[in-house]
Amino acid sequence: MQVKTKIVSSLEKCFLDNTVEDFQAISKEEIFKNQKFSFQFIYESPQNCNLTVKPNVISEISKYIKIKEVVNIPSDMPVYSHSDENLLRRDTGLYPDLIRPLKYNGNARCPHGCLKAFWISLEPNGEITGKYKITVSLEKVKYDEGLKGSGEILATEEIEVDIKDVLLPENDIIFSQWFHADCLADYYNVPVFSDKHFEICKNFMQTAYDGGRNMMILPLLTLPLDIRHHHYRTTVQLIDVYKTGDNYTFKYDNLDRWIDMCKEIGFKYYEICPLFSQWGATATAKVMAYENGEYKRIFGWDTPSASPDYRNFLRQFLKGFIEHMKERNEDKKCFFHISDEPEKEHLEQYKALKEMIADVIEGYEQIDALSVYDFYEQGIVTRPVPSIMEIKPFIENNVPDLMCYYCGGHCINISNCHFSMSLSRTRYLGVQLFKYNIKGFMNWGYNFYNNRWSYDHVDPYLSSTGELFSASGDTYMVYPAPDGTAYESNRYFALYEAFEDLRALKLCAKLYSFEETIKAVEEITGEILFDKCVCDSGTMLKIRRKINKMIFDKLG
C-alpha cells in the first residue's frame, strides 16, 4: 500500500485536492535556541483506501516537540469582489486553517485520494543546542481492542534541525489583536466575570501572548465596536459604576482581577476601550450603572456623544481610573482610544470629543485606527494608527513612533490573514514592519464570534465569515476548544513567525547595519513596499535563511 508523504514548510496551505507533488520538501533548517519552529508532515493515500493512521515522532528532543493536525474549515466567502489576484484560491469550499490536537486516541483518519497534514512544532525554550534528527513516521492503526498501532509503518520522513547557541531578542514593538471577552461568555454560555469566564479568558489570553501579542485590551466599558444603532453587545464592563445625581463612584474589583491576570501572563501594555461609538463617534459607549438600587443602562445609542451628561461622567470615570492605575503603578502602560476608524468627515466631531477629555489623559498615549493624515497634522491624534493600505503619507511625513493596522476589506496587494491568501503573504508583514521602523501593529480579529453588527452569535467552525460579514480569516485567529482553551490556526502561526522574522532582522541590523540588512532582503525581493508582498513560501524561506546565516556567521 503506497501512502505518499513529505515534510514541507509551515507556510504551505495543503488543500484536500492538492497532491504531495505540489509542494517542495524541506530536509534541514538552522534555528535559534528560543525559536518556535514549525513544519508539516503531509500525507496522501491512494484512491479507495480508507485508513486510520498514527503519526510518530522519533528524536532525542521529542519532549520539545508537539504534533497536531491541520483541519479544513468551510468558507462561503473566501474573498471580496475587489480582492486582488495574488491568492491561493477564490472559490468557496474547504480551507486548511484549524490546528487541533489529535483525536482518535492520538491517531487521525487518512481519507482516500485526499491530502492531509500534521502540524509539528519544535520549541527548544532556550534549553538545548546542537544538530538533531527528527523522524516522522506514519503507522497503520488496527481496530482490535481499540485504536492501536499495528506496527506496520506506511511511510517515514526525516528533517535535521541545527539549533544554534544564539537567542533571538525579545519583541520590542507593540502587537495587539482585540480580545472579545463577551464572545467567550456567549460561546461558552457562562456568566460574564464569573470564575469560569475569567478562567476561559485567561486561557485565550495565554494563547495570545504565546503567539507574540504583548498588549491586551481593558474593556472598562463594553466595546462599542461592530454594532449598529440601538443594538448592543453582551455587557462586559470591568468597572462597576454607581450614580448618585451628577456624581459617580466606582468599584475596580473586576478590573484588578483582569489586570492581575494580564500581568501574570506577561502583557506589557494595556489598551483602553474606545469611549465613543465606531465609524463617526456619533454616540456614547454603553454604560451600565447602579442608581437607586437598580442596575440599568445610563448611556448608549440614545445619548449624543457630545452630551454634557456624558462629558461629566467620562471625566469622573477617567480620573478615577487613572488614579487607580497610578496606585497600581501601571498608569503609563495605558493607551487610550477615542473612537475607532473615523473618516475625514468626522474630523471636527472627533476633535471636539478629544477636547472633552484632553486635559484628563494629557501625558498618556492616545491611539486610534484612522487613515486620514489630517488628524495627525492638526495634532488631534498624538499617535495615529493608519491602515497599511493608506500608510504612505504618514511614512513620507516621517511620523514618529508610527503604528499601523489592517482588517477585513484591506486586500489589495497588501499583507493580511484571509483564508484565501498564502501564509507567506501573511508572514511578510514582519519584513515590512522592519523596513519602515513601525513601532506597533494592531488587528481587530483575535476571537470575534459574532455576525455583522453583532446581531447574533456564530459558531466559528461553521461560519468563518461571521455569516458573510467579512472574508474568511478576518474575524478570528483562534478557535474555541471544548475545554475552554484556544485552538490555534495556521494563520496564528504565520503571524507569530512574522514577528519572529522582525526580531531576527533587528538582530541582524545590530550586528551589521540597518542598510546592510535591508540590502540583503531586497536582493531577494526587490524594493520592500507595503503594497507589494512575497506570496510564495520559497522566497519567504530564502529571506529568513539568508538573515539567519548572516547572524550565525557573525557570531561564529
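In this predicted model, 43 aromatic pairs are counted, a pair being formed where ring centres of Phe, Tyr or Trp (its six-membered ring) lie within 6.5 Å, with planes under 30 degrees apart taken as stacked, over 60 as edge-to-face and the rest as tilted. Residue numbers run from 1 along each chain as its sequence is written.

Since Phe 15 lies in the loop between strand E1 (4–9) and strand E2 (28–32), and Tyr 95 in strand E6 (residues 93–101), the pair ties together parts that are 80 residues apart in sequence; helices (H or I, at least four residues) and strands (E, at least two) are DSSP runs numbered from the N terminus. Both Phe 15 and Tyr 95 are buried, a term that means under 20% relative accessible area, with exposed set at over 50% and partly exposed in between (1.4 Å probe, protein chains only). The ring of Phe 15 also has the charged end of Arg 89 over it, 3.9 Å from its centre, where a charge sits over a ring if NZ of Lys or CZ of Arg is within 6 Å of the ring centre and within 35 degrees of the ring normal. Lys 164 lies over the face of Phe 552, at 5.8 Å from the ring centre.

The rings of Phe 276 and Tyr 310 likewise make an edge-to-face pair, with centres 5.5 Å apart and planes at 75°. This pair ties together parts 34 residues apart in sequence, Phe 276 being in the loop between strand E15 (269–272) and strand E16 (287–291) and Tyr 310 in helix H4 (residues 308–327). Phe 276 is buried at a relative accessible area of 0%, and Tyr 310 counts as buried at 0% relative accessibility.

Tyr 310 is also among the residues with the most contacts inside the largest nonpolar core, which has 187 residues; others in that group include Phe 179, Phe 204 and Trp 258. A nonpolar core is here a set of buried Ala, Val, Leu, Ile, Met, Phe, Trp, Tyr and Cys residues joined through side-chain atoms within 4.5 Å. Helix H10 (residues 490–511) contributes the largest share of this core, 12 residues.

Phe 204 belongs to a cluster linked by ring pairs, together with Tyr 187, Tyr 188, Tyr 449, Tyr 461, Tyr 476 and Tyr 479. When neighbours within four places in sequence are left aside, the residues in contact with Phe 204 (heavy atoms within 4.5 Å) include Phe 179, Leu 184, Val 478 and Pro 480. Phe 204 is one of the buried residues of H2, among which are also His 197, Ile 200 and Met 205. Helix H2 (residues 195–210) has 16 residues and reaches 22 Å from its first C-alpha to its last, close to the 22 Å expected at 1.5 Å a residue, the expected span being 1.5 Å times one less than the number of residues. The buried residues of H2 pack against several elements, including helix H1 (181–188), helix H3 (253–265) and H10. Just after H2, Gly 212 takes a positive phi of about 105°.

Definitions and conventions. Predicted model: local features only at pLDDT ≥ 70, side-chain atom pairs only at ≥ 80, totals over all residues. Heavy atoms only, no water.
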